Amino acid sequence: MGVNRKKQLITAALLLAAAAFAFYIIYQKSSSFEGYYEARAREVRETCPEYDIRVVFDPALEMITAKQTVVFHNNTAGELREVYFHLYPNAFRSIESAPFPAEELKYAYPEGFSQGYLNVTGVRAGGKKLEYRAEGTVLKVTLPEPLKSGEKIKIEMDFEEKIPFSLGRFGHGKNTYNFGNWYPILCVYDENGWNKDPYYSIGDPFYSETAVYTVSITAPSSYTIAASGRLVEKIREGDRTKWTFRADLVRDFAWMAGSEFKVLSGKVDGVKVSTYYFGSNEAAAKKALEFGKQAIRFFNDYFGPYPYEEYSIVAADFYIGGMEYPNLVLIDWHLFDDETLLEYVVAHETAHQWWYGLVGNNQVKEPWLDEALTEYSTVLYYEGVYGRRRGGEVYQDFIVYPYRFFELGNNSGPILRSLPQFAGWGEYDATVYKKGAIMLKELESRLGKTKLRQVLRLYLRENAYGNATTEDFVKAVNRVMGTDFSNIIYDMLKKSGRLQERDAA
Ligand SMILES: [Zn+2]
């Protein structure tokens, strides 16, 4: 074979390889999760709610005043004469309705009970005043005329809020103001009609649709604001600063304010990860940032990409430990002093960005779906990052032992239960988080780890930006396995007492 002929062949081979590679890239892109998300995103964006909220925050008065507009699409099959919103801050009006278990009130209100509330002061549509009625944590707005299926309406409302001195999701302590579940958010209309559940004192009793948010917050310039979405504008107006955030396709919007916040940021897979902290614990903040980045990188690879630009881990006056919101999580600042716990909580809350954030569910009715998956994912994180041995240790220490300890004096009921069916946090935590994760480990040993990973990837693909049910989870298992696992899964979910858990090897 001559040199020239050889050269031609090599060139042809190279061209072919390049073409194959280009095809592979194109194919990869179109079949990748990102592509899938984009299609889902386009579809959801067409009829999802759009919130525009303008807030003036006055920490001296512990008040906010706000103007909110919501574009609501009637995605139901029939006509709607009214629309419902949750007014979660109204749970904080009295100590009896405060969303904390009785035994924890002393931690929630370290300086004694402090009142919080949300008053709606006007509702309008198309320049006309609308009738409305607030009852407890639910607001009913009567529409000017029936809204037909497929139609939309823009509802405007004014409200004001008192922020309690309380170390929960909504309230403030000495260092931070926590605005979780703080504005009138649309109730979900599903096959059961409007879901108007109260603010239960156990679990995360929330259920919402993915929406688009523009939120501007005017605060004294000494304050730093951390929020869902990304900052699109920051303008100084005298001694105040207006922060405008945009959050695209998220199921809630949370923000936090602190006058002493310091920020550390880094990038992972194109996502800006930040840690907000106060005091002198920079070393722990750096750790939190590393854990957050590590978790994003691991879950991106294991499940599918985090499709948002930013993710914030915020140290907070928050006695509960950790709490997930889209693109933002609250972490009790005390946990920054315990590296082991800090990593576990950061990994757990980060996993919620997939199970809760991307794939939502009715957290009142089927709380196991997000919490058990998140606990299981946290173990996956340790296995993936540090190896099976460390993963096994964490599984035993954080899940199996606490569960067995609970079982010593109690008989756990079914995992698949709604919030009001649990007597308290102890039972809820042992059953939904721990027993739920053990059930998923059991499922993993039946299906194989790779197959369960495929199930979770499919479950994510099929339900991104939506709300999934237990049935959707079972469907994903059945599709991947090609056999009907319904009975096996429901048996485990409905079983009282111990499962035949096989501990992690
Ligand atoms: Zn959780």
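1. Start with the β19–β20 hairpin. Two residues lie between its strands, and Asp269 there takes a positive phi near 45 degrees. The two strands, β19 (residues 262-268) and β20 (residues 271-277), run antiparallel and are joined by seven bridges. Ser265 has Ser274 as its bridge partner in β20. Strands here are DSSP runs of E of at least two residues, helices are runs of H or I of at least four, and both are numbered from the N terminus.

2. A word on the source. This is a predicted model: local features need pLDDT of at least 70, side-chain atom pairs count only at pLDDT 80 or more, and totals for chains, interfaces and linings use all residues. Residues are numbered from 1 along each chain as its sequence is written.

3. Overall make-up. The protein has 11 helices and 25 strands. Its C-alpha atoms fill a box of roughly 85 × 60 × 55 Å along the principal axes.

4. Burial and contacts. Of the 505 residues, 44% count as buried. Buried means 20 or more other C-beta atoms within 10 Å of the residue's own; exposed means 12 or fewer, and partly exposed lies in between, with C-beta atoms placed from the backbone. Among contacts between residues at least 6 apart in sequence, 68% join residues at least 24 apart. A contact needs C-beta atoms, placed from the backbone, within 7 Å.

5. Domains. The division is domain 1 (46-259), domain 2 (265-334) and domain 3 (361-494). These bounds come from an automatic or database domain assignment. The centres of domain 1 and domain 3, taken over C-alpha atoms, are 30 Å apart. Their contact takes 12 residues from domain 1 and 11 residues from domain 3.

6. Record annotation. An unreviewed UniProt entry places "domain: Peptidase M1 membrane alanine aminopeptidase" at residues 288-488. UniProt positions follow the numbering used here, feature names are shortened, and annotations may be inferred rather than shown by experiment. Over residues 288-488 the chain is 61% helix and 10% strand. The end C-alpha atoms of that stretch are 39 Å apart.

7. Four strands take the order β6-β7-β3-β11, with antiparallel pairing. The edge strands, β6 (132-135) and β11 (185-186), each pair on one side only. Two strands pair if DSSP finds at least two bridges between them. Strands β3 (residues 80-86) and β7 (residues 138-147) pair over six bridges. His86 stands opposite Val138 in β7.

8. Another open sheet. Here the four strands run β9-β10-β18-β15, again with antiparallel pairing. Its edge strands are β9 (170-172) and β15 (224-227), each pairing on one side only. Three bridges join β10 (residues 177-179) to β18 (residues 255-258). Asn178 has Met256 as its bridge partner in β18.

9. Val56 lies in strand β1 (residues 50-58). Is Val56 buried or partly exposed? Val56 is partly exposed, because 16 other C-beta atoms lie within 10 Å. Leaving out residues up to four places away in sequence, Val56 touches Ile64, Thr65 and Thr218. Arg240 is 184 residues from Val56 along the chain, and their C-alpha atoms are separated by 9.7 Å.

Definitions and conventions: Two residues are in contact if their C-beta atoms, placed from the backbone, lie within 7 Å.
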